[in-house]
Amino acid sequence: MDTRKVQEEYARKRRTDIEFAVRPSLAKRFAQWLERINKAVWLQVLRMLLRTKHVDHAIDPNRIQSVLILRYDAIGDMIVTTPFWRNLKRLNPQLRIGVAASARNIDVIRADDDVDVRFLFSEGALLQTIRGIREVRKQKWDVVLALVYKKKTKGAIIARLCSPKGVTSTAIKEEGLSRSKILFSHVTQFPNPVHPVPTNEFLRSHFEGIFGLNIAADAWHASLRIDPVVESRTHDRIKKILLADAAGGFVHINIESATPFREWGLANNLALSKWIIESYPGLSVLWTSSPTQAVSTNAFLAANPNARLHHFETSDVHELFTVVRNSTLVISPDTSIIHIAGAELKPTVGLFVEQNEWLPSGVPNRVLFPEKGSPVSSITLDSVKRAVSELLDR
């Protein structure tokens, strides 16, 4: 299924959900009213505590000295945010960029020379977040960008604690605009879409809103800075495999996702790998997974040996980056890998549970979905073969 069809299906489902929405009971509506009143009171209390000062004008990147970016969530989120600091550094090379990251994604930026300061936060660990805030407050930040969009109140509090006198900013769809304006100095309004908008487009809209600039699509592209030592070491490992296989390249299949429901399954991946090896004699197939799945994956492949099929074990995210960078095609049910592939401009086949904002963007791609409510493993082998051949045959 291509992206256009995904968007049309999303719009159709959205209209259906609105049309057949059930009107809540009188008791439920009263409870919702009380909840709204309670939230309104607490928002005003927060407004006084945060001392929110509204900024109605755009911020000129050349008239500030520092920007702090709050990105303490997942690997894919960090990757799609790289255009923020790439463009800021392009506009003002002297600008100091700080990034507050999580334990999950801080390694993504460890070799990124456009990031001047890195801080370790944790979305779940309060003490670690407090320690991170203490470190951040030691430096002055003119602007704090809260990019963890799903938790606005928490983001507003952290942003203000990080910079008591700085401008705090977020972006919001229409329905949450008034509440966010109470909590943040500057709010970029993003229209509520009728189709899923890729996350990188949402981020670009926020950037343009806070800084008052128009950024061309080709200037807003995720990119990675890979640790050169790790890249060289990993490249040598890949080269040895390809030499032994007499192969000119390889297809990278990431076999793992957040839950088994979102995975395509070892048997499906094995069948697809055999077909690729038979159909494309110049290609090998490299599987990747998390270190926790290494033992079971190796055992499965030992019981099902195939020439030119390998499990490439990685213990460092930069090893994974290097695998993607050297691949011919990337296949994955995991959105983080999809965004790594996007940053490296690799053709991509995504196997997703449902349409969402994490679709591939800016690269040749095919995205496949199971029937509604079914696991990813129910996506047929033939449909994935067709998607792979369409991209490889290009």
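**Salt bridges and a cavity**

Author: Aspartate 112 and arginine 86 form a salt bridge, with their closest N and O atoms 2.9 Å apart; the term stands for a side-chain nitrogen of Lys or Arg within 4 Å of a carboxyl oxygen of Asp or Glu. This is a predicted model, in which local features need pLDDT of at least 70 and side-chain atom pairs count only at pLDDT 80 or more, while totals for chains, interfaces and linings use all residues. Residues are numbered from 1 along each chain as its sequence is written, and side-chain values use heavy atoms, with hydrogens and water left out.

Reader: Where in the chain do aspartate 112 and arginine 86 sit?

Author: Aspartate 112 is in the loop between strand S2 (96–101) and strand S3 (117–120), and arginine 86 is in helix H3, 26 residues apart. Helices (H or I, at least four residues) and strands (E, at least two) are DSSP runs, numbered from the N terminus.

Reader: And are aspartate 112 and arginine 86 buried or exposed?

Author: Both aspartate 112 and arginine 86 are buried, where buried means under 20% relative accessible area, exposed over 50% and partly exposed in between (1.4 Å probe, protein chains only).

Reader: Which residues are linked with them in a network?

Author: The network of salt bridges links Arg86, Asp112, Asp113, Asp114 and Arg225.

Reader: What does aspartate 116 form a salt bridge with?

Author: Its partner is lysine 89, with the closest N and O atoms 2.9 Å apart. Lysine 89 is buried at a relative accessible area of 13%, whereas aspartate 116, at 39%, counts as partly exposed.

Reader: Switching topic, how many cavities of 30 Å³ or more are there?

Author: The count comes to one. On a 1 Å grid over the protein atoms alone, a cavity is a set of points where a 1.4 Å probe fits but cannot get out, and lining residues have an atom within 4 Å of a point; grid points are joined across faces, edges and corners, and a volume is the space filled by probe spheres set on the points.

Reader: How much space lies in the largest cavity, and what lines it?

Author: The largest cavity holds about 180 Å³, and of its 17 lining residues the closest to its centre are Val80, Asn200, Ala222, His339 and Ser361. Helix H12 (335–343) is one of the helices that supply at least two lining residues, and H12 gives the largest share, four residues.

Notes. 1 Å grid on protein atoms, 1.4 Å probe; cavity = no way out; pocket = protein on both sides within 12 Å on 5 of 7 lines; lining within 4 Å.
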